[in-house]
Every structure is written in C-alpha cells, then in structure tokens.
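Trainee: I would like a close look at a single part of this model. Please take me through the site that the UniProt record marks.

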Amino acid sequence: MLHTFYKYQGTGNDFILVDNRNNIFPKNDTKLVKFLCDRRFGIGADGLILLENAGDADFSMVYYNSDGNESSMCGNGGRCITAFARDLGIIDEDANFAAVDGLHHATIDDNGIVSLQMKDVHTVSVYEDYVFLDTGSPHHVEMVENLPSFDVKGVGGQIRYSGLYGDKGSNVNFVSQTGTDKFSVRTYERGVEDETLSCGTGVTAVALAMKVTGRTDSDKVTLETPGGELSVSFLQDGKQFTNIFLTGPARFVFKGKTAW
Ligand SMILES: N[C@@H](CCC[C@H](N)C(=O)O)C(=O)O
C-alpha cells in the first residue's frame, strides 16, 4: 500500500516526515527506516521523523537516525516538525510538543524561521582539548585549525568510536572561531555515521561550550554550518544554561508516496 511522506530540511539537515497520528507507520521496523533514508535505494535523508498525537501537547515527535534506530533529540528535526505541523494545520505560529528529552516550545514566522527552545543544560564538562555536553543529544566539541579541509568523517568517526564515550558514542563537532560571537562548525553525526550539513543540538552545544570556555562573551551566538546559518541564545548561570533557543530556517522540499 502507498503512503504519503514529506521531505523537509533545516540548514541542509534533511528528514523524511510522516504524519503518524493514525498509527500507519511500523515503528519497530529498523530496516524499513534505514531503507527509506538510503540516498540511492530509498527517498534519502539524514533521519526520519514521525508526528504523533500527544495528550498534553500539540503533537509528539519520534526521531530515527538514518541507520534506522530511534535516537535522542534532533534540534533541526524539531524545527522541521514545527514547520510540518504548521503546514498540516495542527498549529499556527506557536507549538508545544513532546520529544524524547521532554516538552519543547517553538515558534515559526511567515518566512519559515523556527525558534526552538532546547532543554536546559546543567552540566558542561571542560577538558584540556575538548568539551562534552548533552543538549538533548551528546556532543563532543573540539577547536580545529583549517576547518574547511579538516577530515570530519575520519577524525569524527575515531572519536565517536573511541573508548571515550562507550557503546553509546557521541556526536562530534569541529569548530573554528570567525568573529567575537561567530563560529564555523562541521559535525560528525552518530547514527548517520558521516558528516551532515548541519546539526541543531550540535551547534547548540558549540554555542554553550564557546561561552563556558570564554571564547565569547555574548549570550547570542551565530553558527555557520556547511548548510547555512543558525543562531543560539541562552541565559547562563556558571555552567547552567536555561532559556536556550535554536533559531533558523526550516523548509518543505517535496511530498511523495511510497510503499511500506
Ligand atoms: N541532526 C540532529 C541530531 C540527531 C541525533 C544524533 N544523530 C544522535 O543520534 O545523537 C540535530 O539537528 O540535532
């Protein structure tokens, strides 16, 4: 049987979205999710997201990486599902939705710019050469020189699979500073096992890490990714961060039908 799917992207981090309010999607079929996300044999995406009913919110978000496994929070996915919910007529410009890391509030304007509140961050671990923190998903943050030519997939994969983060692994962000409150970021994503064009929880982690390590004084940071520009604002109290907002574009790409 053919089912409708939608494709969205947020700064080049792309997702298949399915309206699963009527439970049409086989949620435990890892092979199917992996197949649909495959860029040669399937639709192609960094991940797949189900929009579902939620008792105490406008909707809920279920996120799968392109390896087919359900995973932790996806910031760009959260921005894309907000645009999807608006396009389906579920919300207007404001959304409250449930995700794996708790409730999120988001707004979307007429230009498709989505501002998504991320979970509060209470722990930032600063080491000599890197910072580790969880912004809904785990992130290793490391400064590098020559970011444009840096081997993100090779070095990111080594760190992700090194003993440092155990079986669960971590996403890995490589950063260079381009202004007083501006940074370029390239991310190796766990579950995609490759560099993606942008990672929302990743740039959020980078913004907080840059503040904690004194590389910026600002409470609003611009992050340039290979897929476009995002901004992250926050309130800080030492290593505790609240009112964290990830802001940037989320765009509908196409709609189609596929079998599952
Ligand atoms: N692209 C995402 C992060 C998705 C989750 C990640 N791959 C993981 O499994 O930790 C984002 O925009 O945050």
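Mentor: Helices and strands here are DSSP runs, numbered from the N terminus; a helix is H or I with at least four residues, a strand is E with at least two. With that in hand, Cys 199 sits in the loop between strand 13 (194-196) and helix 4 (200-212). Keep in mind that the model is predicted. The UniProt record, an unreviewed entry, places the feature "active site" at Cys 74 and Cys 199.

Take Cys 74 next. Its place is the loop between strand 4 (59-65) and helix 2 (75-87). Buried or exposed, then, is Cys 74? Its relative accessible area is 6%, so Cys 74 is buried, the cut-off for that being under 20%. Leaving out residues up to four places away in sequence, Cys 74 contacts Asn 13, Phe 15, Met 61, Tyr 63 and Thr 201.

Now back to Cys 199. Its relative accessible area is 5%, so Cys 199 counts as buried. With residues up to four places away in sequence again set aside, Cys 199 touches Asn 13, Asn 76, His 139, Thr 187 and Glu 189.

Terms used. Residues numbered from 1 in each chain as written. Predicted model: local features only at pLDDT ≥ 70, side-chain atom pairs only at ≥ 80, totals over all residues. Heavy atoms only, no water. UniProt positions renumbered as here; feature names shortened; annotations may be inferred. Buried < 20%, exposed > 50% of the residue type's maximum accessible area, 1.4 Å probe, protein only. Contact = heavy atoms within 4.5 Å.
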